[in-house]
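Thanks for making the time, everyone. I would like to take you through one structure this morning, starting with the whole chain and then moving to two residues.

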Amino acid sequence: MPGHPSSRGSERGDGHRWTWFAALSGVVAGAAFLAGAEVVALLLGGAGSPLVAVGSAAIDLAPRWVKDLMVSLFSTGDKAALFVLMGVLLAVITAGAGVLEARRPPFGAVVFGIGGVLALVAVTTRSGSGSLDGAPSVIGVAVAVVVLRRMSSRLRGWMAAEQRGRVPSATEPGRSSSAAVERRAFLAWAVAAGAASLVVGVSARVVDSARTAAAAARRAVHLPKAAVQETPVPSGASLDVTGISPYVTPNADFYRIDTALSVPSIDPTTWKLRIHGMVDNEIEIGYDELLAMPLEEHMATMSCVSNEVGGDLIGNALWLGYPIRKLLAKAAPHADADMVLSRSVDGFTAGTPLDVLQDDGTDAILAVGMNGEPLPDVHGFPVRMVVPGLFGYVSATKWVTEMTVTRFADAEGYWTPRGWSARGPVKLESRIDTPASGTTVDVGDRVAIAGVAWQPHTGVKAVQVRIDEGDWTDAELADSVSADTWRQWVHRWTATKGTHTVSVRAVSADGTVQTSVERPPAPNGATGWHSVTVTAR
Ligand SMILES: Nc1nc2c(c(=O)[nH]1)N[C@H]1C(S)=C(S)[C@@H](COP(=O)(O)O)O[C@H]1N2
Ligand SMILES: [Mo]
């Protein structure tokens with residue numbers, strides 16, 4: 001800092017002062033790095049946290065005696081001690097980077113860049129790391145560098161303003177107040193960025209540890225055997241056709257639709273369902289109590305109202321749970337009630353007709369299991385509703401914690417004020433899974449045209465296929481465990497020369513033929529025939 005000869009002494013003192021502030025800007029940028037990285041890690045489902053990865057790498061790389069020393073010094077708190085140690089190291093390094101940035105920009109930022117690369121290496125070399133796991137480190141460094149550059153330039157502005165203010169000819173009020181303005185700007189950045197990083201970073205860690213705990217609790221769940229078992233899947237339910245949807249959809253392939261930005265993680269030991277509203281007896285039930293009741297298995301096809309004709313927002317699974325009608329019987333709804341508004345921990349609600357839930361012939365269940373395992377987190381762990389025959393948005397509340405017995409006149413589900421019907425029975429539909437549209441085959445090939453058809457709870461009794469404008473021909477229909485599931489179908493066709501349009505339509509168990517009228521998903525489900533084009537050469 002070149003200065004006025006007479007102010008030498010005080011400048012040396014100032015130099016120290018600047019150094020402290022420069023160090024502060026580095027530490028705040030370091031905090032911003034951690035906060036940014038932890039938030040991105042959380043959004044990615046808890047993967048790729050540089051803090052965790054670097055900590056693990058340190059444990060792996062540390063010599064035996066260091067580990068032993070840590071354990072003996074801090075006993076069981078050795079992990080906490082490691083994180084404190086890392087925090088101190090990080091503070092020292094980032095403080096140094098801050099000073100460097102103030103003196104020789106952009107080398108402080110370069111230090112952050114190098115740190116980011118090291119974190120990236122630590123994250124991506126961990127076993128089982130995914131392709132997006134580097135994102136937290138990269139975004140964290142980007143946030144940190146922005147904060148560092150900003151604060152450092154503020155600091156230099158402040159320093160420069162004070163220098164000007166010190167020149168005797170320039171001591172008018174305007175000058176010194178400019179230094180005050182710059183100082184305030186720097187301190188405001190320090191406080192705002194520091195506080196934001198602290199709040200954001202700490203909350204991200206808190207949410208993440210809650211998720212880790214919930215994941216452990218899910219692994220510890222042992223589902224009881226069903227007291228009432230589903231009909232075994234008949235061997236004739238699955239056709240031997242490549243490209244057809246399997247009769248039972250594996251959990252990993254089951255479509256997922258919800259409004260949850262980050263998947264709720266619920267500790268089953270604290271989960272409770274409350275049934276209240278227009279009932280004689282309010283009910284509250286916990287997870288263990290639910291598991292202790294005689295559970296029933298039920299295979300049901302679930303679909304989304306947003307599914308386009310030919311779309312894949314549909315799946316079929318074996319659900320395990322307790323009949324909702326039995327819980328409602330205990331609650332004793334009032335005679336003038338006609339709806340149950342179920343609510344999820346995340347605020348989503350669905351309005352389901354009370355009579356459907358009470359119906360003896362409808363297996364509406366409070367589900368805890370899906371295809372033999374506890375509900376996956378994304379499908380509603382620990383408990384969700386499943387109601388055969390109704391679209392998910394009016395029935396299949398995941399992470400459910402509350403059921404209010406009420407009236408359609410008094411309450412509405414999440415999607416109703418957003419342009420979707422209050423009631424949503426699933427429509428009669430069919431889909432061609434194979435061949436994919438645009439497929440080319442040889443003239444004379446035997447082509448298996450196949451797919452699935454459904455109208456859960458009503459059932460499908462026939463599926464018909466048409467080539468171009470020809471006659472409708474009955475397809476071969478596979479078996480199913482009940483009317484609540486979809487059915488596979490296949491029609492074997494000998495390809496003739498040219499480009500053909502292949503269409504499908506289903507006939508429901510009550511004799512209704514699937515409509516050709518094309519309607520969009522809103523407000524209560526798409527209709528129309530699915531067709532594909534196939535060219536034979
Ligand atoms: N909590 C909650 N539950 C929900 C939803 C939601 O957004 N939040 N979406 C519903 C809709 S629209 C559908 S189609 C089904 C989808 O269930 P899945 O994701 O298990 O396939 O869940 C229903 N349950
Ligand atoms: Mo949906």
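Before anything else, a word on contact, by which I mean heavy atoms within 4.5 Å. With that in hand, among contacts in the protein between residues at least 6 apart in sequence, 75% join residues at least 24 apart.

Please keep in mind that this is a predicted model, in which local features need pLDDT of at least 70 and side-chain atom pairs count only at pLDDT 80 or more, while totals for chains, interfaces and linings use all residues. Residues are numbered from 1 along each chain as its sequence is written, chains are lettered from A and ligands numbered from 1 in the order in which they are written, and side-chain values use heavy atoms, with hydrogens and water left out.

On the overall build, the protein has 10 helices and 19 strands, where helices (H or I, at least four residues) and strands (E, at least two) are DSSP runs numbered from the N terminus. The radius of gyration, taken over C-alpha atoms, is compared with a globule rule of 2.2 Å times the number of residues to the power 0.38; a compact globule of 537 residues would come out near 24 Å, but the protein has 32 Å. Along the principal axes, the C-alpha atoms fill a box of roughly 105 × 70 × 55 Å.

Turning to the interior, buried residues make up 48% of the 537, where buried means under 20% relative accessible area, exposed over 50%, and partly exposed in between, with a 1.4 Å probe and protein chains only. A nonpolar core is a set of buried Ala, Val, Leu, Ile, Met, Phe, Trp, Tyr and Cys residues joined through side-chain atoms within 4.5 Å. The largest such core has 67 residues, and those with the most contacts inside it are Leu273, Ile275, Leu290, Trp319, Leu366 and Val405. Apart from it lies another core, of 26 residues, including Val99 and Trp158.

Now, which residues is Leu42 in contact with, leaving aside its neighbours within four places in sequence? They are Ala204, Val207, Asp208 and Arg211. Leu42 has its place in helix 1, residues 8-43, and it counts as buried because its relative accessibility is 15%.

Glu38 also lies in helix 1, and Glu38 is buried too, with a relative accessible area of 5%. Setting aside neighbours within four places in sequence, Glu38 is in contact with Ser49, Pro50, Leu51, Ala204 and Arg205.
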